[in-house]
Amino acid sequence: MRIGYGFDSHEFRSGIPLRIGGVSLAHDRGLGGHSDGDVLLHAITDALLGAIAAPDIGALFPPSDPKWKGADSVVFLREALKRVRDAGYGVANMDASLILAAPKIGPHAAGIRTRVAELLDVHCDCVGLKAKTPEGLNLENTAVAHVVVLLEKVKKPRRKKN
């Protein structure tokens, strides 16, 4: 088994759509970033990469590379999952904490969990998601994600005898 931890944060900015966990949320501001700013998918990607001791998201998809400007963060997650599978592992479960003042995540939690489970190719009950407000932390203009993933070694299928 392997454990990985990921963290990401982005500032809210006007004029861009808000995406969290691969889901578009109605809000007056989105998260600034070189890509689509999906703080949750970025943290999941780093957790997956960290679990297999691979380079982090910034090394694989540098913000200095114009190729990744506005990119859908699903691309980053899929690359991390490919590396996880190539290393002989699969996702057992994932747990995340989001810290943001608004929008409220509760009404969107089921949809985000479903989308993340779909992306990770796990059952929805293998995806934990909690949301907290940043009371007293002076983070009202920021979204933060903390993620932990557990990977398990995948048994290789036996070859059939001819």
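Let's start with valine 84, which sits in helix 3, residues 74-86. Helices here are DSSP runs of H or I with at least four residues, strands are runs of E with at least two, and both are numbered from the N terminus. What we have on screen is a predicted model, where local features need pLDDT of at least 70, side-chain atom pairs count only at pLDDT 80 or more, and totals for chains, interfaces and linings use all residues. Residues are numbered from 1 along each chain as its sequence is written, and side-chain values use heavy atoms, with hydrogens and water left out.

So, is valine 84 buried or exposed? Valine 84 counts as buried, at 1% relative accessibility. For the cut-offs, buried is under 20% relative accessible area, exposed is over 50%, and partly exposed is in between, with a 1.4 Å probe and protein chains only. Which residues does valine 84 touch, leaving aside neighbours within four places in sequence? Those contacts are Leu48, Ile52, Tyr89, Gly90 and Leu151, where contact means heavy atoms within 4.5 Å. Leucine 98, on the other hand, is 14 residues away along the chain, and its C-alpha atom is 24 Å from that of valine 84.

Leu48 takes us to helix 1. Twelve is the number to remember: 12 of the 13 residues of helix 1 are buried, so this helix is largely enclosed by the rest of the structure. The buried set includes His42, Thr45 and Asp46, along with Leu48. After helix 1 comes alanine 53, with a positive phi near 55 degrees.

Now zoom out to the whole chain. We have 4 helices and 7 strands, and reading along the sequence the order is β-β-β-β-α-α-α-β-α-β-β. The radius of gyration is 16 Å, close to the 15 Å that the globule rule gives for 162 residues, so the chain is as compact as a globular protein of that length. That radius is taken over C-alpha atoms, and the rule is 2.2 Å times the number of residues to the power 0.38. Along the principal axes, the C-alpha atoms fill a box of roughly 60 × 35 × 25 Å. Buried residues make up 46% of the 162. Among contacts between residues at least 6 apart in sequence, 74% join residues at least 24 apart.

The chain exposes about 8,900 Å², with carbon and sulfur atoms supplying 53% of it; accessible areas are Shrake-Rupley with a 1.4 Å probe, and for residues only the protein chains shown count as cover. Which residues make the nonpolar patch? Ile3, Tyr5, Phe7 and Val148 do, over about 420 Å². Patch residues have over 30% relative accessible area and no salt bridge, with nonpolar side chains (Val, Leu, Ile, Met, Phe, Trp, Tyr) joined within 5 Å and like charges within 9 Å. Strand 1, residues 2-14, gives the largest share of that patch, 3 residues. Phenylalanine 7 lies in that strand and is partly exposed at 39% relative accessible area.

Next, salt bridges, meaning a side-chain nitrogen of Lys or Arg within 4 Å of a carboxyl oxygen of Asp or Glu. The structure holds 7 of them. In general, an α-helix has 3.6 residues a turn, so residues three or four places apart point the same way. Aspartate 95 and lysine 130 make another salt bridge, at 2.7 Å N to O. Aspartate 95 is in strand 5 and lysine 130 in strand 6, so this pair ties together parts that are 35 residues apart in sequence. Then there's aspartate 28 with arginine 29, whose closest N and O atoms are 4.0 Å apart. Aspartate 28 counts as exposed at 59%, while arginine 29 is partly exposed at 22%.

Last stop: threonine 133, in the loop between strand 6 and strand 7. Threonine 133 is partly exposed, at 34% relative accessibility. Beyond neighbours within four places in sequence, threonine 133 contacts Ile99, Leu100 and Lys104. Alanine 102 is 31 residues from threonine 133 in sequence, with 8.0 Å between their C-alpha atoms.
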